[in-house]
Amino acid sequence: MTKSIKAPGNMLNKLTKPQIIYPDEIVPLVRELLEKHGIDLEKRKEEIAKKIKLAKTLEEKVELFRSLPIGQVSKTIKEIVEQRMPIEEMSIRLKERLLISEKKANDLAEDIKKKVIYGLGLIEKEPSIKTKPSSKREAKKDIYREPIE
Amino acid sequence: MMKFLENFFSPKWLTRKQKVLIVSLLFLVVLLFPRGIVWAQIDLWQIGGWVLGGIGDIAARIAMAIVMAFLQLVLLAAEAVLALGIALLSGMLDFINNIVYTDPSRNDLIRAGWTLTRDIANIGFILGLIYIGLATALQWAGFNTKKAFAYLLIMALFVNFTPLICGIVVDAANLLTNFFLRGLTQWNTLLDVFLLNAAGWKGLVGPLDWRPMALFLLLIALGFVGGGILLLYALLLFARVFVIWILVILSPLAFVAYIFPTTRRWFTTWWHQLIQWSFIGAIGGFFLYLGHLTLALGDKLNLQESIGTSEFTVNAEVASVLGALIFMLIGLYTTLQTSAMGADRIIAFGKKIGKKAPGVIGKGGIRGIGGAIVGAREATEKARREGKGRAGRTWAGFKGALKGIATPAGREVGEESFWHFLEKAHVVSPGFYERKKRKELNEYVKAMKELPEERLHEIVKRPVFLARDAKIRAAAFEALSKRKALKEEEKRYLPDAKKMGADLSETFKNRPTWLAEIGKTAEEIGETIQKISPEDFRKNVHPEELSKIEVIINLDRPKIEEIRKKGSVTQKYNLLTGIAKNFDKIIETVRELERTNPEKAERIASVIDEADHPNFI
């Protein structure tokens with residue numbers, strides 16, 4: 001019999017209605033980029049699955065599940081978008097979280113910035129210079145000053 | 001043998017409840033085994049013959065044995081009712097034979113009462129005489145005064161002899177009543193007919209024969225009907241004593257009432273009641289006597305010797321018991337038709353039971369027998385599919401039959417098979433049984449609508465003994481299902497609720513994995529989940545379901561996106577923890593599917609990836 005799982009308070013907060021709605025395409029895109037940079041997602045899944053099998057508590061299992069590459073990248077993106085991490089630190093964080101080389105992390109970070117963060121409009125690339133609205137106003141027609149024809 | 005007993009009582013094989021049930025059943029069968037049968041009379045060669053040759057009908061024999069054991073219990077109750085009826089009636093006949101019904105000189109109550117009413121009647125004669133005289137003189141009588149005067153004179157004379165007149169009627173009736181109700185010998189001999197139940201057990205050996213079961217059912221009916229009639233007569237005869245005393249005491253006033261046309265109807269009523277109450281035991285008793293006679297002529301009251309002989313045939317026994325039963329039913333009918341005042345109150349009880357008993361016994365029989373047969377058949381089939389051997393199939397059949405007869409849901413299946421049989425035979429219209437079942441259940445469903453959720457959970461968990469209990473549980477289950485409030489531990493009540501006709505459409509939207517409880521395969525459950533639109537799925541699915549691997553592996557991207565965007569926090573949490581918890585199994589499934597169904601493997605993989613969406617973290 002499957003036991004009912006009740007959401008604890010700390011996780012409830014995370015799952016309540018988010019302030020930022022991330023686009024649906026984000027996961028397939030991240031997956032594609034990870035595969036492009038030679039990160040073997042299936043192998044990682046196998047490894048995590050083995051660890052999860054040995055884990056005893058639900059908390060451990062959830063934590064292990066969260067260590068999957070897509071989850072780690074999503075977490076990093078979220079921290080950047082929500083301004084909890086400067087975008088410049090992304091490559092270092094990815095290196096740590098995905099356990100990849102520095103070069104690979106830099107390349108991946110560049111791609112993520114370009115195609116996900118800026119590409120999907122999560123952050124604007126550069127602060128846009130707003131042109132001031134023209135001060136020239138169309139002269140109002142004053143019917144009383146119109147020449148009487 | 002010791003090894004078998006050791007295995008039997010080992011904790012793994014059976015639950016404690018099952019062991020107690022089996023041991024109790026065996027004990028009951030041995031205890032209740034028909035008195036007339038002698039074990040040696042069963043031909044061991046015959047038993048060997050059907051064990052070796054008739055394996056094909058093992059399920060039928062098991063079902064029959066279970067039904068017979070069950071019927072034996074009912075038969076015992078029927079015999080007890082008849083014995084009680086006989087004891088009460090015999091006691092009552094002895095009691096009423098010593099009663100003085102009409103003679104004031106030997107009965108103080110009648111003397112005191114009758115003397116009083118006679119004196120009042122004498123006053124009535126004087127007043128009547130004055131009334132006739134004045135009416136004649138003043139010519140305002142609306143009736144024939146000469147005739148009334150003549151009646152007055154005659155009645156004035158008769159009023160002193162009313163106990164004698166009543167005595168003639170009552171004594172004549174007593175003579176007949178005693179003759180018929182005393183029976184041929186003693187009613188006790190009627191109990192000997194129950195020795196015939198040994199014949200029923202004979203159907204188990206030799207060629208499979210269901211006819212003896214008819215004999216069992218007839219004996220049950222005979223016990224209840226015969227016992228019921230005798231009990232009714234005992235009560236009526238007891239009441240009759242007091243009613244006749246009252247009628248005798250009132251007799252002088254009834255005779256005075258005869259003088260004038262307007263009051264004559266009182267006399268008529270009194271006379272009618274005197275006749276009815278006097279003969280109340282004689283008419284029904286006559287048919288009871290005929291029933292007794294039928295059994296006696298068939299020499300079925302001395303069966304001890306005939307059972308073991310070749311002359312003993314089921315058909316003859318059925319015919320004689322059926323004949324006796326018909327006479328008894330006619331006797332009951334004529335007794336119920338009486339117009340004796342007050343008797344209707346007494347027989348109302350008998351009528352109520354009479355109306356319900358055949359239905360209850362008949363319905364119970366059909367449900368029990370049907371339940372045992374279907375239970376045995378299904379369990380044997382299942383055991384065959386599972387590749388069990390002969391012993392395994394027999395044991396499964398035995399358990400199935402027991403479950404079929406012992407549980408209300410099992411009996412409901414038995415009734416269902418009966419009605420479906422009638423439907424196939426064009427006796428009832430298609431869907432008749434389903435409509436009937438739904439109509440019966442609707443009454444309870446209405447009652448459940450107002451109840452709070454906690455009460456409904458409590459009702460669902462209540463033990464079930466009768467069909468009514470099972471219907472109440474099914475109605476509570478349906479109500480909880482419609483409120484999407486069913487708990488995981490209540491899953492085990494689903495098959496029974498379905499058998500009782502509960503509407504489970506909401507249940508499966510809410511709890512798709514519960515489809516397994518009604519025999520759906522994992523593939524069928526998967527197909528059902530996949531057919532549900534993402535919106536309906538999110539709106540209806542219970543959060544607990546989302547943590548189950550059976551559901552997770554049948555999700556797709558649109559559904560998981562729907563949950564992510566619009567699902568409740570508990571739904572999201574259960575889905576994520578469900579994936580994490582079952583991750584190793586999910587990966588194993590994906591690896592297997594990559595070989596057999598790559599498309600499905602891809603779909604499951606995308607679902608796992610979706611769980612890592614930033615809005616899920």
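In this predicted model, helix 6 (residues 90–98) of chain A has four buried residues named here, Met90(A), Ser91(A), Leu94(A) and Leu98(A). Viewed down the axis of helix 6 of chain A, the buried residues fall within an arc of 95°, so they line one face of the helix. An α-helix has 3.6 residues a turn, so residues three or four places apart point the same way. The cover over the buried residues of helix 6 of chain A includes helix 5 and helix 7 of chain A, and just after helix 6 of chain A the backbone of Leu99(A) adopts a positive phi of about 55°.

**Leu122(A) and its surroundings**

- Leu122(A) is found in the segment after helix 7 (102–117) of chain A, and, leaving aside residues up to four places away in sequence, Leu122(A) touches Val81(A), Val116(A) and Ile117(A).
- Leu122(A) is classed as partly exposed because 19 other C-beta atoms lie within 10 Å, whereas a buried residue would need 20 or more.
- Although Leu122(A) and Ile80(A) are 42 residues apart along the chain, their C-alpha atoms are separated by 9.5 Å.

**Contact between chain A and chain B**

- The contact draws on 33 residues from chain A and 25 residues from chain B.
- On the side of chain A that touches chain B, the elements giving two or more residues are helix 1 (9–15), helix 2 (26–36), helix 3 (41–54), helix 4 (58–66) and helix 5 (69–81) of chain A.
- By residue class, that side of chain A divides into 20 nonpolar, 5 polar and 8 charged residues.
- For the complex, the predictor gives an ipTM of 0.77 and a pTM of 0.50.

**Confidence in chain A**

- Chain A has a mean pLDDT of 80, with 72% of its residues reaching 70 or more.

**Confidence in chain B**

- Chain B averages a pLDDT of 77, and 75% of the residues score at least 70.
- Confidence within chain B is lowest in helix 3 (residues 44–53) of chain B, at a mean of 46, and highest in helix 22 (residues 549–552) of chain B, at 92.
- The pLDDT stays under 50 over residues 8–12 of chain B, for which the model has 2 contacts beyond four places in sequence.
- The pLDDT also stays under 50 over residues 30–56 of chain B, a stretch with 24 contacts beyond four places in sequence in the model.

Note on methods: Residues are numbered from 1 along each chain as its sequence is written. Chains are lettered from A and ligands numbered from 1 in the order in which they are written. This is a predicted model: local features need pLDDT of at least 70, side-chain atom pairs count only at pLDDT 80 or more; totals for chains, interfaces and linings use all residues. Two residues are in contact if their C-beta atoms, placed from the backbone, lie within 7 Å. Ala, Val, Leu, Ile, Met, Phe, Trp, Tyr, Cys and Pro count as nonpolar, Asp, Glu, Lys and Arg as charged, and the others, Gly among them, as polar. A residue is buried if 20 or more other C-beta atoms lie within 10 Å of its own, exposed if 12 or fewer, and partly exposed in between; C-beta atoms are placed from the backbone. pLDDT is the predictor's confidence in each residue, from 0 to 100. The arc is that of the directions from the helix axis to the C-beta atoms.
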